[in-house]
Amino acid sequence: MPAAAEEQSWAAFFLPLLVTPSPPCSTPRPSIRRLPVLPHDVQDLDRRLQPPCLPGTTTSCSSPTDTCAVGGGHGGGADVSGAGICPGVGRCSQCADALQGVFFMTQPLRVRFAPSPTGYLHIGGARTALFNWLLARKEGGVFVLRMEDTDAERNTEAARETIFRGLDWLGLTPDEGPEQGGPFGPYSQSERADLYKKHVEELIAKGAVYPCFCTRERLAELRAKQEAEKADLGYDRLCRHLDAADVAKRLEEGVPHTWRLKAPLDAEGLVIDDKVRGRVEVAGKDIEDIILVRANGVPVYNLAVVVDDHLMEISHVLRGEDHLTNTFKQLLIYKAFGWEPPVFAHLPLILGPKGEGKLSKRKHPEAALELYQQRGYPTEALVNWLALIGWRMDGETEVMTREELIRNFSLDQVSAGGARLPLDKLDWLSGEYIRNMPVSEVARAIRPFIQSQGWHAEEPLLLTLAEAFQPRIRAFGDIVDQAAWVFEDKEEIEPKALKKLKKEGAADILEAYIPVLLEADFDDVEAMEARARAFCEERGVGLGALVHPLRASVTRRTAGPGLFDCLRLVGKERVIRRIREGIERARS
RNA sequence: GGCCCCGUCGUCUAGCCAGGUCCAGGACACCAGGUUUUCAUCCUGGCAACGCGGGUUCAAAUCCCGCCGGGGUCACCA
């Protein structure tokens with residue numbers, strides 16, 4: 001459809017909305033940036049973001065930002081501040097109803113990745129980060145990194161670094177975060193204590209929470225009793241029903257206490273409109289009074305998350321399915337504050353390669369992103385692979401560039417079921433990427449691995465090496481194993497290779513071939529091959545009779561690049577030496 | 001155990017919301033053949049799945065119920 005026609009149809013849809021008289025808004029434009037609650041589906045991403053901006057249209061609200069200054073088009077571009085999105089229309093919550101269609105596009109999408117720095121970047125976390133990032137890029141939104149580091153013991157600078165560098169490596173650098181800053185900082189929970197404190201006080205003032213004086217011992221006993229009786233687990237709300245005077249007295253005396261959230265006593269349930277799973281519901285009786293503030297005054301994770309997501313104006317929360325039950329608790333906290341919760345989407349978990357539970361570093365070394373870095377998988381291959389775990393563009397397309405990933409990413413193509421880590425697929429995909437790279441790039445990528453072994457390969461040799469192994473390696477690190485024979489002179493010979501050497505006549509033909517090699521130009525692989533063919537013909541034997549023992553003595557293996565490439569890689573002098581060793585082996 | 005989520009080839013998945021075009025499509029892996037000096041690449045072909053049982057319907061992988069199986073979660077961890 002031509003752009004003009006498209007715009008027209010948009011106009012046809014929106015103009016009636018815009019000209020509809022709505023009550024004049026006399027209240028000053030509130031500074032809240034949060035969306036007010038609307039009667040229809042606020043959480044519908046598509047409706048929220050698709051309406052294009054209508055240039056020059058004016059809303060009924062008199063606020064100066066209500067005239068749209070930005071031209072048509074929407075959603076695209078690198079400008080995360082929301083270029084192409086009408087900046088002011090419908091900001092006024094009083095007028096929202098009349099402006100709903102336009103209203104949505106004023107709020108840029110904001111997503112976050114919120115890992116806790118535990119010393120490594122989990123591959124599932126990396127996938128979560130990627131999905132968030134893809135959504136942000138797709139919708140012209142903002143990708144925020146927030147450190148959930150309230151657990152001081154585990155929080156080290158090195159652990160934070162690991163996450164920063166891991167994201168950088170994947171090309172998922174945040175738009176806002178501890179390193180890049182931003183208008184909603186600080187971006188580490190450890191630095192936000194005062195904000196939590198303030199909000200806890202708000203909840204206390206509202207009477208949404210109550211102090212709980214139960215000791216850990218009593219809680220443990222309660223739990224043991226419940227388990228023994230096979231009763232429902234959970235706090236029995238003892239302190240919720242304490243006498244007010246009693247509570248005041250204990251507070252006065254400074255009796256240690258936590259603060260618990262008052263869950264509604266009526267049986268009303270909670271509903272999550274999950275963008276991946278649809279409607280998820282829990283009954284009211286299954287909701288307990290969770291602790292919000294520890295006895296030491298430090299707020300608990302669930303409270304911090306809600307406060308942060310709200311304050312940071314996160315519009316969409318994409319996270320692992322293991323948070324699904326937390327979401328109910330968080331929903332309650334949003335309610336207690338009177339805040340509108342964000343859109344939720346719970347991503348399928350990544351299971352161990354054998355399907356044995358979720359991937360954990362303890363059981364699975366492949367849970368750590370570092371491993372893939374160390375093995376030398378191309379970043380783009382890894383990103384492509386990660387995107388494919390739980391998301392499909394269609395049933396066919398699998399190899400996609402980052403741009404294609406962005407263009408095609410969509411939450412409703414995310415599957416709900418957990419997925420085993422498809423490591424085979426990564427090897428294949430990675431090989432695919434490597435084979436499609438320019439040789440020079442392969443050379444550059446394998447170089448550090450070669451150097452790490454103390455081997456030396458400079459320009460001409462390095463390129464030959466890259467060319468020879470490009471179709472054979474599936475990660476750049478493979479070069480170390482596969483090409484060891486090029487550099488190591490004292491390598492064990494493979495049993496299979498030894499067998500080839502021991503074959504009848506092998507030693508003789510090698511011996512006879514040495515003079516031919518002495519005269520050969522090792523850089524002219526084609527000529528060498530032609531000469532070898534002629535040589536075999538003269539002796540009345542097949543090419544294999546020469547090639548197999550030759551390979552066995554020079555590479556000490558039976559598999560590898562084309563033989564004459566192998567010779568070139570090793571160089572004339574060392575080739576001759578190795579052939580002589582081969583002959584010895586053959587005759588011993 | 002309670003609650004929640006999930007259930008298509010060995011694996012990752014398309015199809016399910018809007019039932020027929022699906023005796024279920026793609027990819028990886030695997031197997032066979034071809035090309036090749038080996039291996040890899042490349043090409044061709046093959047194997048292989050709707051968890052089970054009811055129901056609704058002319059018709060169900062698709063809708064409903066039950067069962068079974070897998071996973072997650074039940075901390076003053078995040």
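This report describes the domains, salt bridges and a charged surface patch of a predicted model.

## Basis of the model

The model is predicted, with local features needing pLDDT of at least 70 and side-chain atom pairs counting only at pLDDT 80 or more, while totals for chains, interfaces and linings use all residues. Residues are numbered from 1 along each chain as its sequence is written, and side-chain values use heavy atoms, with hydrogens and water left out.

## Domains

Chain A is divided by an automatic or database domain assignment into domain 1 (35-105), domain 2 (193-347), domain 3 (439-487) and domain 4 (495-587). The C-alpha centres of domain 2 and domain 4 are 75 Å apart.

## Salt bridges

A salt bridge is counted when a side-chain nitrogen of Lys or Arg is within 4 Å of a carboxyl oxygen of Asp or Glu, and this rule gives 40 salt bridges. One of them joins Glu 253 and Lys 249 at 3.7 Å, N to O; these two residues are 4 residues apart in helix α8 (residues 244-253), and therefore about one helical turn separates them. Helices here are DSSP runs (H or I, at least four residues).

Glu 432 and Arg 435 also form a salt bridge, at 2.8 Å, N to O, and both lie in helix α14 (residues 423-435), 3 residues apart. A network of salt bridges links Arg 112, Arg 146, Glu 148, Arg 192, Asp 308 and Asp 309.

## A positive patch

Lys 496, Lys 499, Lys 500 and Lys 503 form a positive surface patch, where patch residues have over 30% relative accessible area and no salt bridge, and like charges are joined within 9 Å. Lys 499 lies in helix α19 (residues 495-502).

Key: Chains are lettered from A and ligands numbered from 1 in the order in which they are written. Patches are made of residues with over 30% relative accessible area and no salt bridge: like charges are joined within 9 Å, nonpolar side chains (Val, Leu, Ile, Met, Phe, Trp, Tyr) within 5 Å. Accessible areas come from the Shrake-Rupley method with a 1.4 Å probe; for residues, only the protein chains shown count as cover. Lys and Arg count as positive and Asp and Glu as negative; His and the chain ends are not counted. The place of a charge is taken as NZ of Lys, CZ of Arg, CG of Asp or CD of Glu.
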